[in-house]
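I opened this notebook to record what I looked up in the structure, one topic to an entry. The structure itself comes before the entries.

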Amino acid sequence: MGPIAVALLVAFFIGYIFWGEIVELAIRKPAFGRAQFFTDKLIQHTLPGTVLDIGTGAGHIAALLSRTGMTVSAVDVRAHVLYVGMWLIGAPCARRLAQTDRIELATYDGEHLPYKSSRFDNVTILFVLHHAADEMAVLKEALRVLRVGGRLIILEDTPEDARQRQTNAISDALLNAEVHSEGRNHSKEEWRAIFDSLGAVRLVNEASFDSSMFRYLHFYHTMFVLQKVGE
Ligand SMILES: C[S@@+](CC[C@H](N)C(=O)[O-])C[C@H]1O[C@@H](n2cnc3c(N)ncnc32)[C@H](O)[C@@H]1O
């Protein structure tokens, strides 16, 4: 074996072993910048104590929540190989942040969360539901693991016309390097009806905002803050 082949082999093994550290470092600045923007909005509505971040992705929002002193658990589905961004970047980065930021990280099947009922003071589901194969299953499980009186905070893309829907679809494809997705967006009214149909929750706050990153690229989101009420 020649010296170039040996060097390539060594580089491959170093890359393989330290992949989590490499991707975390590579995306740290923009990813924490984005995460801070959303964390600042949702932290105003969380209760002190424990939080479960469902569909944590690369884990930056979970890491920021942990840095505020909350006890953070984070869970995601095992990355689909066609969901390239998650498989190659998101999941390895989340594993790295779980080590550096004291996050209890788990994976699950998308339907049955590996936690006992009423365990958490807060549950966050951030830009996840429109990717989920069964959004009602995710919501019902979120409510099961949330204590009565606890907060369920949901962030979703809520495009209101064809142009906004297009922008959101492009952002999903580009930012998540996403080839595979269920990709269903709902309007704000549709989300409210879905939450109503769950029962046992009360909408305590709703805020819509635009997180435009570039002058011509606008992303439309809504944050829904729900409180679990007794059966
Ligand atoms: C756009 S990313 C959002 C990641 C993170 N919440 C954030 O805002 O940075 C969508 C995430 O939803 C996850 N996801 C898809 N289906 C899911 C399900 N049934 N349960 C939990 N997470 C799911 C994906 O694996 C991915 O991490």
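Predicted model: local features only at pLDDT ≥ 70, side-chain atom pairs only at ≥ 80, totals over all residues.

Entry on a helix pair. I began with how two helices pass each other, and noted that α2 passes α3 in a right-handed crossing. By class, the contact of α2 with α3 has seven nonpolar and three polar residues, and no charged ones. I then looked up the geometry behind the crossing: the two axes come within 9 Å and cross at roughly 60 degrees, and α2 and α3 are therefore oblique to each other. As for the residues that meet, I listed Ala31, Phe32, Ala35, Gln36, Phe38 and Thr39 on the side of α2, and His60, Ile61, Leu64 and Leu65 on the side of α3.

Entry on α3. Is this helix mostly covered or mostly open? I found that α3, which spans residues 60-67, is mostly covered, with seven of its eight residues buried. The buried ones are His60, Ile61, Ala62, Ala63, Leu64, Leu65 and Ser66.

Entry on Ile89. Why does Ile89 count as buried? It does so because I find 23 C-beta neighbours inside 10 Å, where the cut-off is 20 or more. Leaving aside neighbours within four places in sequence, I listed Val23, Ile27 and Ala58 as the contacts of Ile89.

Entry on the ligand. I counted 18 residues around the ligand, among which Gly55, Gly57, Gly110, Leu126 and Ala132 come nearest. Sorted by class, this shell has ten nonpolar, seven polar and one charged residues. I noted as well that β2 and α4 each supply at least two residues of the shell.

Entry on α5. In this helix, residues 135-145, I recorded Val138, Leu139, Glu141, Ala142, Leu143 and Val145 as buried. The buried residues of α5 pack against strands β1, β4, β5 (146-157), β6 (201-210) and β7 (220-228), and against helix α7 (188-198).

Terms used:
Residues numbered from 1 in each chain as written. Buried ≥ 20, exposed ≤ 12 C-beta atoms within 10 Å, placed from the backbone. Helix = DSSP H or I, 4+ residues; strand = E, 2+ residues; numbered from the N terminus. Near = placed C-beta within 6 Å. Nonpolar A, V, L, I, M, F, W, Y, C, P; charged D, E, K, R; others polar. Axes fitted to C-alpha atoms, helices over the stretch in contact; angles between N-to-C directions. Parallel < 35°, antiparallel > 145°, perpendicular 65-115°, else oblique. Left-handed = near helix turned anticlockwise from the far one by under 90°. Contact = placed C-beta atoms within 7 Å.
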